[in-house]
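Dear colleague,

I am passing on the structure that we spoke about, and below it you will find my notes on what turned up in it. Please read them with the structure open beside you.

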Amino acid sequence: MATIIPFRGIRYNSERVDINDVITPPYDVIDASGQDYFYEKNPYNVIRLELGKNFPGDSDDDNRYTRAAKHLEEWLKSGVLKHEEKPSVYLYEQEFDVKGEKKIRSGFIAGVQANDYSKGEVLPHEETLPKHKADRLNLMKATMANFSPIFGLYADRDHVIENTLENARGTRQPDAEVTDSQGVINRLWVISDEIALGLIKEKMSGEKIFIADGHHRYETAVNFGREMAAQGKEGYDYLMVCLVNLYNKGLVVFPTHRVVKNIADLDVTGLLNRLSTDFSVTELPAGTSPEKFTELLEANGTAGPSFGVYAGDSKYYILTLTEPGKVNPLTDNEHSAGWKRLDVTILHTLILEKYLGIGSKQRADESNLVYVRDEAAARNFVDSGEAQLVFYMNATKVQEVTDIATGGEKMPQKSTFFYPKVITGLVMNDYER
């Protein structure tokens, strides 16, 4: 089962920098303007390590990966970054609001041995895209480090690990605290107590880990460890993972919506008429607010697979599958009944592929589809003319994620969005233990 590895993390020296100025969201949610923003915010911002800029004169010897390695070396030498004194794990707490309700999600950051999925220790639930893995592997090879934890889940119904971490923390103040760009308060405590570490390692040795966010980085770490082992170098077969209990009250999953673009001669009215073969189609009253639309979509989702549609002019529609069994003949027999019942499976199979010609290739290269998490941003794509319509999703349930992973299957990419994201820059790892 899962092998947990305490490590001597790298953290920013609070005497040299304000931690609020140097952290970022994960690299895969930062666009070009965000990258510029973090570059300008502070010369020691972790963006220069995790997502450096490309420049016209870049070469094999001078590029964003080599510059990241140079920055890491210089910042460690100058004392901007410092290694932890002892191998540790890190209690990580995030305080945030969801629809006006305060929540606290707690977990811990540790090294996890990165073995192939076939060993059954760490289980994926989503497909990955090759180009993202190549980028992350280049960065790891240049820096011999990884700068952001991926996000994993484990099952501990009795909260043994959480209680162990809280006892080890006691009443002391966080070793780092920062409010990120989303208003989420992030707190970190260094846990180096050997008894606590021993209890955590023992408990986790009997658990599986489900990847919630970070499949590309995990698979990259597996490949990186193999390459190092082939060179006779041991101890590179792990990566940082933020581990959260499935039974933690602060665990929240949001949907990722599908924005459709570049479909020739798309007739939305005709499409909705054709969809009525498989779905009940309800046009919401004129003037329905986005908030009311979301509320109605979530309510419909309790009765069966449902999707929202927005095609401009402030008109919303809700589609609800009339006969769940209709999806069965449209998917291959290799998949389970649970996989076929997923909202995302039904959307991709009965709508995107059947009526719009958006198959797996188009979904992967995003030639006809953009994955957007924010509801308003998705709507703006249509209102601005950049896209033709949006399919709004309900959130995938955590139980669905673990069921699919345990069964050895994978959901389509971008099936889940665990909120909030684990920020980059609180703790890093350069394989110095």
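In strand S5, Phe96 has Lys103 as its bridge partner. This is a predicted model, in which local features need pLDDT of at least 70 and side-chain atom pairs count only at pLDDT 80 or more, while totals for chains, interfaces and linings use all residues. Residues are numbered from 1 along each chain as its sequence is written, and side-chain values use heavy atoms, with hydrogens and water left out.

Strands (E, at least two residues) and helices (H or I, at least four) are DSSP runs numbered from the N terminus, and two strands count as paired if DSSP finds at least two bridges between them. Strand S4 (residues 89–98) runs antiparallel to S5 (residues 101–113), to which nine bridges join it, and the hairpin of S4 and S5 has two residues between the strands, with Lys99 taking a positive phi near 50°. Seven bridges join S4 to strand S9 (residues 185–191), again antiparallel, and there Gln94 has Asn186 as its bridge partner. Nine of the ten residues of S4 are buried, where buried means under 20% relative accessible area, exposed over 50%, and partly exposed in between (1.4 Å probe, protein chains only).

In helix H6 (residues 194–204), the buried residues include Ala196, Leu197, Ile200 and Met204. These lie on the same side of H6, because they cover an arc of only 100° around the axis, the arc being that of the directions from the helix axis to the C-beta atoms. Glu194, Ile195 and Glu202, on the other side of H6, are exposed.

Helix H7 (residues 215–230) has 16 residues and reaches 23 Å from its first C-alpha to its last, close to the 22 Å expected, which is 1.5 Å times one less than its number of residues. Among the buried residues of H7 are His215, Tyr218 and Phe224, and H7 is followed by Gly232, whose phi is positive, near 80°.

With kind regards
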